[in-house]
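Reader: Could you walk me through how to read a sheet and what packs on it? I would like the general idea and then the case at hand.

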Amino acid sequence: RYGAVLLSHLLTGTPVPGLGDAVTPVRIRFQARSVSRVDDIVVVGTAPNKTEVVLSIGVRRKPKLVPSEADSVKLIADFLHVACTRRALVDSGRWKLALAVVPSCVPAQQLKALAEMASASGSWTEFQDRLRRPGSLQAAVRNRLTQLEAIVASLIPEWSAQAARETWRLLSVLRLTEMRLEGADCTDRTYSVERLRDVTPQRSNDAAHALFAHLAEQVGAYAPGGAVVDLSRLHADLQGLDCFAPAYLP
């Protein structure tokens with residue numbers, strides 16, 4: 001369903017949260033291991049100056065973000081790998097990192113608070129100064145930082161003395177995306193259906209609802225094969241559907 005939300009942005013040419021408000025999405029890679037260690041979904045867009053902007057998204061429903069959970073360690077390792085190997089692009093804002101979770105994930109919300117503070121700090125020294133201010137963070141959030149530093153230290157033992165600094169560097173470029181697609185809160189799906197009305201017959205809600213469901217099915221076919229989906233391919237795969245009637249063909 002989250003993949004379908006991103007495809008709705010691609011299909012309508014609307015900005016993808018985290019990629020940039022002025023960036024137009026042009027293709028989406030699923031399970032793009034050959035491109036990025038953070039490979040669940042990679043969105044590529046074009047900025048107004050024609051430069052390419054990449055958003056690597058790790059999708060986890062409720063990560064625990066503790067050293068004792070293997071998936072959390074691998075997740076942080078993948079983010080750290082991209083942040084280090086693509087450092088020039090990441091620092092320039094041309095390669096971005098995001099973690100997609102459900103809103104009820106408390107560890108991720110704590111990570112968000114740390115990432116926002118790290119991003120607002122111009123240096124590791126300033127980040128440390130902010131941490132020392134009374135009442136700057138709740139105890140649980142500080143504990144989450146300790147857990148993250150422990151994960152980073154375990155990943156790069158030779159840099160263990162630099163774990164705190166490398167953790168800040170990662171946090172400063174990491175963003176959190178909330179997937180509101182479950183239970184009573186299906187806001188993301190609602191917004192997607194609203195976007196999709198413009199590419200349906202009679203611009204109707206019923207057709208947009210059906211189109212979103214079909215996009216979700218398409219993701220089920222795209223992801224296992226590591227598909228690269230651009231607008232031309234997506235149009236071709238949707239041709240013939242009663243719920244799809246684009247204003248133009250690429």
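Predicted model: local features only at pLDDT ≥ 70, side-chain atom pairs only at ≥ 80, totals over all residues.

Reader: In what order do the six strands form the open sheet?

Author: Strands of a sheet pair through backbone hydrogen bonds, either parallel or antiparallel. Here the order is 5-4-3-2-1-6, with mixed pairing. Strands (E, at least two residues) and helices (H or I, at least four) are DSSP runs numbered from the N terminus, and two strands pair if DSSP finds at least two bridges between them. Strand 5 (174-178) and strand 6 (228-230) are at the edges with a single partner strand each, so one side of each has no neighbour in the sheet.

Reader: Over how many bridges do strand 2 and strand 3 pair?

Author: Strand 2 (residues 41-46) and strand 3 (residues 52-59) pair over six bridges, in the antiparallel sense. Val44 stands opposite Val54 in strand 3.

Reader: Which strands does helix 10 touch?

Author: Contact means heavy atoms within 4.5 Å. Helix 10 (residues 231-238) packs on the sheet, touching strand 1 and strand 6.

Reader: Is Gln202 buried or exposed?

Author: Buried means under 20% relative accessible area, exposed over 50%, and partly exposed in between (1.4 Å probe, protein chains only). Gln202 is exposed, at 74%, and lies in the loop between helix 8 (187-196) and helix 9 (205-222).

Definitions and conventions
Residues numbered from 1 in each chain as written. Heavy atoms only, no water. Axes fitted to C-alpha atoms, helices over the stretch in contact; angles between N-to-C directions.
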